[in-house]
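Please keep the sequence and the 3D view open while you read this note. Each point can be checked by eye as you go.

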Amino acid sequence: MLNGITDVPGIKVGHYTDNKSLTGCTVILAENGAVGGVDVKGSAPGTRETDLLKPGNLVQMVHAVLLTGGSAFGLDAASGVMQFLEENSIGFQTSTVKVPIVPAAVIYDLDIGDPNVRPDKRSGYIAANLATSDCVEEGCVGVGTGAVVGKAAGVNNAMKGGVGSYSIELGNGIVVGAITVVNATGDVYEEGEIIAGAIDHNNNFLNISEYMKKSSFKSNLGENTTLSVVATNAKLSKEEANKVTQMSHDGLARAIRPVHTMYDGDTIFCLSTGDIPSDITLIGEVAAEVVEKSIIRAIKSAKKVGNILSYQDLNPSKR
């Protein structure tokens, strides 16, 4: 076990990282196809092909999911993922050609780095081409390169976010894994304690939930979003995959406060790659757990960028 989403058979992950401009994208490949679902709970999403994943629509299988920086501009990177898949004869068979199905979602990372540089078609192609079933690289890579958390008090008071992954094996051959990029308005919690978020000039946590209640608070929530992909080799129908994404949002709520705000585009995808029968409630509950754990992994793997401190800076003994 690699303790990440690539423990799920049929799943590969690839990153494209631009450390100069502080942006990037991450591709989760399911080259043999996966039953897909999605649930968008944030009120400021930037997405592609999410309607296609709803029950009642024609296409049942997806071939990749793109998580990207660059806000809506970054959706251009999906074209590169499609090009890679087409070159490898992967896609939904129409009467003439195979059309790769690549849902995507964005984070807003234009407030650090170079706002005029965003992931593009070339970036998506590189990430897809680098995709591997090896251990997932975490922290400030791929879509996590420009991720920041605790933006409710402004970017200058925020801390570094990133991308993280986690998996659980259920003992009957079923694996549930998640990969998450954390770029949230809110603070990130572990076991009820804040581990990253808005800090003051003494590097003390402001506690956004309490900070917002003060009469002096003025909305400065910025542009944010936490994105996850949950994958499993349990057999799921399209309806069940959508239910798993709904339950998976509990993982966001356990780890991030506030969450699903008007300023977040929080979105979770689900991919089912296998045919092992299982209880949908079990899969959904475990999915929420791996999402929560992947958020914590993302924070603990992140490193300082410029003046934006990381968990490792505040906890040097835990590096």
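This is a predicted model: local features need pLDDT of at least 70, side-chain atom pairs count only at pLDDT 80 or more; totals for chains, interfaces and linings use all residues.

1. **The largest core.** Start inside. The largest nonpolar core has 35 residues. The residues with the most contacts inside this core are Val176, Val182, Val188, Val230, Ile295 and Ile299. Several elements each supply at least two residues, among them strand E10 (162-169), strand E11 (175-183), strand E14 (225-234) and helix H4 (238-255). Helix H5 (280-301) is also on that list. The largest share, 9 residues, comes from H5. In soluble globular proteins, nonpolar side chains tend to be buried together.

2. Select Val188 and look around it. Leaving out residues up to four places away in sequence, Val188 touches Val149, Val182, Glu193, Ile194, Ile195, Ala196, Ala255, Ile256, Ile295 and Ile299. There is also a second, separate core of 30 residues. Val13, Ile101, Val143 and Val163 are included in this second core.

3. **A nonpolar patch outside.** Which residues form a nonpolar patch on the surface? They are Leu58, Phe92, Val97 and Val99. Together they have about 330 Å² of accessible area. Val99 is found in strand E6 (residues 98-99). Val99 has a relative accessible area of 30%, so this residue is partly exposed.

4. **A buried loop residue.** Ser21 sits in the loop between strand E1 (12-18) and strand E2 (23-40). Is Ser21 buried or exposed? Its relative accessibility is 8%, so Ser21 counts as buried. Setting aside neighbours within four places in sequence, Ser21 is in contact with Ile112, Gly113, Asp114 and Val117.

5. **The aromatic pair.** The structure holds 1 aromatic pair. Phe84 and Tyr125 form this pair, and the arrangement is edge-to-face. The ring centres are 6.0 Å apart, with 80° between the planes. Phe84 is in helix H1 (residues 77-87) and Tyr125 is in helix H2 (residues 121-129). The pair links distant parts of the chain, 41 residues apart. Phe84 counts as buried at 8% relative accessibility. Tyr125 counts as partly exposed at 24%.

6. **Ala78.** Stay in helix H1, where Ala78 also has its place. Ala78 is buried, with a relative accessible area of 0%. Not counting residues up to four places away in sequence, Ala78 touches Arg48, Leu66 and Val102. Now find Val27. Ala78 and Val27 are 51 residues apart along the chain, yet their C-alpha atoms are separated by 9.0 Å.

7. **Backbone details.** The peptide bond from Arg257 to Pro258 is cis, with omega near -15°. Pro258 lies in the loop between strand E15 (256-257) and E16. Glu49 is not a glycine, but has a positive phi of about 65°. This residue, Glu49, is in the loop between strand E3 (47-48) and strand E4 (61-68). Glu49 counts as partly exposed at 30% relative accessibility. Thr225 also has a positive phi, near 140°. Thr225 lies in strand E14. At 1% relative accessibility, Thr225 counts as buried.

8. **Salt bridges.** How many salt bridges does the structure hold? There are 10. In one of them, the side chains of Glu31 and Lys12 meet at 3.1 Å, N to O. Glu31 lies in strand E2 and Lys12 in strand E1, so this pair ties together parts that are 19 residues apart in sequence. Glu31 is partly exposed at 27%, and Lys12 counts as partly exposed at 28%.

9. **Further charged pairs.** Lys41 forms a salt bridge with Asp39, with the closest N and O atoms 2.9 Å apart. Lys41 counts as partly exposed at 35% relative accessibility, whereas Asp39 is buried at 13%. Lys300 and Glu190 also meet in a salt bridge, at 2.9 Å, N to O. This pair links helix H5 with strand E12 (residues 187-190), and the two residues are 110 residues apart. Finally, salt bridges that share partners join Arg254, Glu285 and Glu292 into one network.

Terms used:
Residues are numbered from 1 along each chain as its sequence is written. Side-chain values use heavy atoms; hydrogens and water are left out. A nonpolar core is a set of buried Ala, Val, Leu, Ile, Met, Phe, Trp, Tyr and Cys residues joined through side-chain atoms within 4.5 Å. Buried means under 20% relative accessible area, exposed over 50%, partly exposed in between (1.4 Å probe, protein chains only). Helices (H or I, at least four residues) and strands (E, at least two) are DSSP runs, numbered from the N terminus. Contact means heavy atoms within 4.5 Å. Patches are made of residues with over 30% relative accessible area and no salt bridge: like charges are joined within 9 Å, nonpolar side chains (Val, Leu, Ile, Met, Phe, Trp, Tyr) within 5 Å. Accessible areas come from the Shrake-Rupley method with a 1.4 Å probe; for residues, only the protein chains shown count as cover. A salt bridge is a side-chain nitrogen of Lys or Arg within 4 Å of a carboxyl oxygen of Asp or Glu. Rings of Phe, Tyr and Trp (its six-membered ring) pair if their centres lie within 6.5 Å; planes under 30 degrees apart count as stacked, over 60 as edge-to-face and the rest as tilted.
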